[in-house]
Amino acid sequence: MEGRNHHESCGMCVTIIFRTNPIDCNKMPIWKWSLLKEFGMRKLIMAAASVAFAVSALPAAATIVIYQTPGAVQPAENVLFQGAPPVGNVVFGFTNISNTRVIFTGSEALATPSAGQARIEAVDGGLGQLSFALDPGFGFKEVEFNIFGAGATATQAVLSFTDQFGGNFSGTYAIGSGQNFFSARAFDNQFITNVSFVLNGTVGDVRQFRIGGVGDSSVDPGGGPVPEPASWAMMLAGFGLVGATMRRRKMLHTVAS
């Protein structure tokens, strides 16, 4: 005999089906009880698989966040260009505190103004692309720079930030004719190992480079990046499947005995 009960919760009516004659597990034959338990485990596995499918579309939490507000990130060190002069499309800068080398690479010949000023421009006066990183094996937690749009033909920039695991965090942003500050901060166990931008035109120069939190990015202090939700769900579904298999083998052994 079955009855129905209606439970009002959060404005939704939930129908609950219950039995007035509960199953007496002690009086049920072993083979029937084994089948019932196996059926329940199958339902559990199906539910776990459904959860895995549902969350597979959810993105992983971003671990490098990009900002477009001046001062949103305030890295500790300025990058100065007072070392070796530019060599073709490569420029070397050094931070003012730890004297960490920063390598800048462009798609064209680069130039730096008078020594000490944190500014890079193209030899022909129009800069359209630039990337920079530390020496291999090192990264940083924070970065800020200013794409200076004086005399610019560019109206947007595609920024990309890469972490030590090869993950890429990027976005497309509008730029104006004056100062355009961009910054980024790495969270959890991430390091920023490369920064690059590509413009849909050219700008006068890029200036006011700052970085902070320099460290050894070849060492993983916490086991890698945070897994995606789908990975957690699939792992739980796998554990459920293993448990179901072990239970089924145990039940079959009991029935056979």
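I began with the aromatic residues and noted that Phe 81, Phe 104, Phe 132, Phe 145, Tyr 173, Phe 182, Phe 197 and Phe 209 form one aromatic cluster. Rings of Phe, Tyr and Trp (its six-membered ring) pair if their centres lie within 6.5 Å; planes under 30 degrees apart count as stacked, over 60 as edge-to-face and the rest as tilted.

I recorded that this is a predicted model, in which local features need pLDDT of at least 70 and side-chain atom pairs count only at pLDDT 80 or more, while totals for chains, interfaces and linings use all residues. Residues are numbered from 1 along each chain as its sequence is written, and side-chain values use heavy atoms, with hydrogens and water left out.

I found a count of 10 aromatic pairs.

I checked burial next (buried means under 20% relative accessible area, exposed over 50%, partly exposed in between, with a 1.4 Å probe and protein chains only). Phe 145 is buried at 0% relative accessibility, Phe 197 at 1%, and Phe 81 has a relative accessible area of 5% and is buried.

I last looked for charges over rings (NZ of Lys or CZ of Arg within 6 Å of the ring centre and within 35 degrees of the ring normal). Lys 141 lies over the face of Phe 191, 4.5 Å from the ring centre. The charged end of Arg 207 sits over the ring of Phe 148, at 3.9 Å from its centre.
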